[in-house]
Every structure is written in C-alpha cells, then in structure tokens.
Amino acid sequence: MNNTFNFAKELIEKASKLILKNYKNIRTISYKKSFANLVTNVDHEVEELILRKITSRYPEHSIIAEESGKKIKNPKYKWFIDPIDGTTNFAHGYPFFCISVGFAINDILQFGLVKNPITNEFYSARKGKGAKLNGKPISVSKVKKIKESLLVTGFSHDGVSSKQENFKNFQTLTTKSHGVRRDGAAALDLCYVACGRVDAFWEKELNPWDVASGVLILKEALGKITGLKGNKYSIYDKNILASNGFIHNELLKYLR
C-alpha cells in the first residue's frame with residue numbers, strides 16, 4: 001500500500017502540472033447533459049494521463065472515472081478518478097477546482113488525494129492514519145451550533161427537482177447560520193470541512209468519483225458523514241451530509 005500511495009501522489013503531481021500548463025489556455029469546451037455541465041479538452045487529457053499510468057502500473061485494477069465511466073476488471077481493486085472536479089470554475093478561470101484520486105480494496109477506501117493546482121494545497125488521507133494538508137495534520141472544527149457555523153452546498157447540473165428542493169435548503173440554512181457558500185467542487189468542499197474552514201457540506205445527485213477521496217479525508221479528520229436523512233452513507237449514494245459531527249443532528253432537522 002505504501003508503494004501504491006506514493007505512486008498516486010506522484011501521479012496527481014504530474015496531472016497538476018498538466019492542468020497548470022493549460023490553465024486559461026483551453027482549446028475546446030463541450031457540454032454533457034445540459035448547457036451548465038461543461039467538459040474541456042483538459043479534462044480529457046488529464047484523465048487520459050491518469051488512466052494510462054494506472055493501467056500501465058496496475059493492469060488488473062478497475063477504474064471508475066468521470067469522463068470515461070467504469071472499467072471494471074478485478075472488482076477488488078478500484079480507483080475513483082475525477083480529473084478536474086469543478087470544470088465550470090476551471091473553464092471560467094475561477095480558482096476553485098481540483099484533481100481527485102481515491103483507491104479502495106473491496107470497496108473500503110484505503111487512501112484519498114485531492115489537490116488544487118492553483119493554490120498548491122494537497123489534501124491526503126490513508127485509512128487509519130489521519131488526514132493532512134500539505135503534510136500537516138488537519139481536523140474538523142469544534143463549532144457546536146448552526147447559528148455559529150459557516151456551511152457549503154452544491155447544486156446538480158441535471159436534477160431539476162432536487163435542485164429546487166436544495167434551493168429551499170439553501171434559503172433556510174442561510175438564515176440559520178453565518179452563511180452558505182456554493183463553490184462548485186464537491187471534493188474540495190469535503191476537504192474544507194475536514195480542515196475546519198467550513199463546518200458542514202451537503203449536496204444531492206453526486207457520483208462516486210466526486211466524493212470518494214474527500215469522504216476518506218473527512219473521516220480521517222474526525223468528521224461525520226450520513227445521507228440527508230441520517231442514514232448510513234456509501235460513496236455510491238447520490239446524497240450526502242458531511243459535517244464536523246457537532247452540528248450534524250441539528251442540520252438533519254432542516255434538510256429536505
């Protein structure tokens with residue numbers, strides 16, 4: 001596992017250099033299911049780099065990636081890849097996006113890596129070994145009441161009904177807290193909870209590659225994660241509530 005973890009760290013650094021090389025120099029932008037769901041040539045190039053390196057080193061491993069979908073070989077070993085989480089931000093030059101790489105054995109996350117190439121902030125976690133930001137340990141905040149908290153959420157590109165429901169959540173919790181941010185990159189949102197910059201994050205209509213790495217980082221930073229009804233959470237679930245633990249139950253009372 002040490003070798004695989006170090007390989008992944010080197011891989012994410014190579015991907016980061018490729019993103020920086022192409023930042024504000026995007027050649028093509030296309031759209032997936034809606035006009036707000038962007039994908040750039042850089043997304044594809046970064047994912048191709050990551051997949052090529054993984055399949056060369058670990059040809060038997062399975063990969064679940066945003067742009068190329070599922071490539072299931074040996075289901076025991078799975079990589080979860082989001083080449084650019086926050087593509088809309090990246091396309092507009094808004095510096096809140098990241099590379100996200102997670103690895104699981106028998107669907108138990110072993111490590112997660114998230115890097116924002118612009119800020120050079122590198123979040124990492126290994127199962128049972130804590131979470132770190134640029135090599136230094138991090139942990140969630142100690143805020144114990146929503147009225148003293150700063151929150152963050154996200155909105156689906158495609159789920160119209162769930163988006164409308166979450167606008168109501170956004171409105172309600174904005175009036176109950178110090179505010180609710182919407183930055184547009186779930187992996188980084190989870191990392192921000194993990195290091196105590198915000199106190200909770202919730203979102204609907206997510207995918208495994210959006211959350212796998214950030215989920216482990218938050219858990220190792222002693223955060224709490226459930227579904228939006230307080231149910232047990234899996235990275236294959238669509239909906240998530242992640243918090244410092246102290247305000248979790250209070251949040252569940254307000255979320256639809």
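Biologist: Is Asp 107 buried, partly exposed or exposed?

Modeller: Keep in mind that this is a predicted model. Asp 107 comes out as partly exposed, at 41% relative accessibility. Its salt-bridge partner is Lys 78, with 3.2 Å between the closest N and O atoms. Lys 78 sits in strand S5 (residues 74-85), while Asp 107 is in the loop between strand S6 (98-105) and strand S7 (108-116), so the pair ties together parts 29 residues apart in sequence.

Biologist: And why does Lys 78 count as buried?

Modeller: Buried means under 20% relative accessible area. Lys 78 has 12%, so it falls in that class.

Biologist: How many salt bridges turn up in the whole structure?

Modeller: Five, from a search of the whole thing. Another one of them joins Arg 197 and Glu 121, with the closest N and O atoms 2.6 Å apart. These two are 76 residues apart: Arg 197 is in the loop between helix H5 (186-194) and strand S13 (200-203), and Glu 121 belongs to strand S8 (residues 121-126). Glu 121 is buried at 15%, whereas Arg 197 is partly exposed at 35%.

Biologist: Which residue does Arg 27 pair with?

Modeller: Glu 45, in a salt bridge at 2.6 Å, N to O. Arg 27 is in the loop between helix H1 (2-22) and strand S1 (29-31), and Glu 45 is 18 residues away in helix H2 (residues 41-57). Arg 27 is exposed, with a relative accessible area of 59%, while Glu 45 is partly exposed at 22%.

Methods:
Residues are numbered from 1 along each chain as its sequence is written. This is a predicted model: local features need pLDDT of at least 70, side-chain atom pairs count only at pLDDT 80 or more; totals for chains, interfaces and linings use all residues. Side-chain values use heavy atoms; hydrogens and water are left out. A salt bridge is a side-chain nitrogen of Lys or Arg within 4 Å of a carboxyl oxygen of Asp or Glu. Helices (H or I, at least four residues) and strands (E, at least two) are DSSP runs, numbered from the N terminus. Buried means under 20% relative accessible area, exposed over 50%, partly exposed in between (1.4 Å probe, protein chains only).
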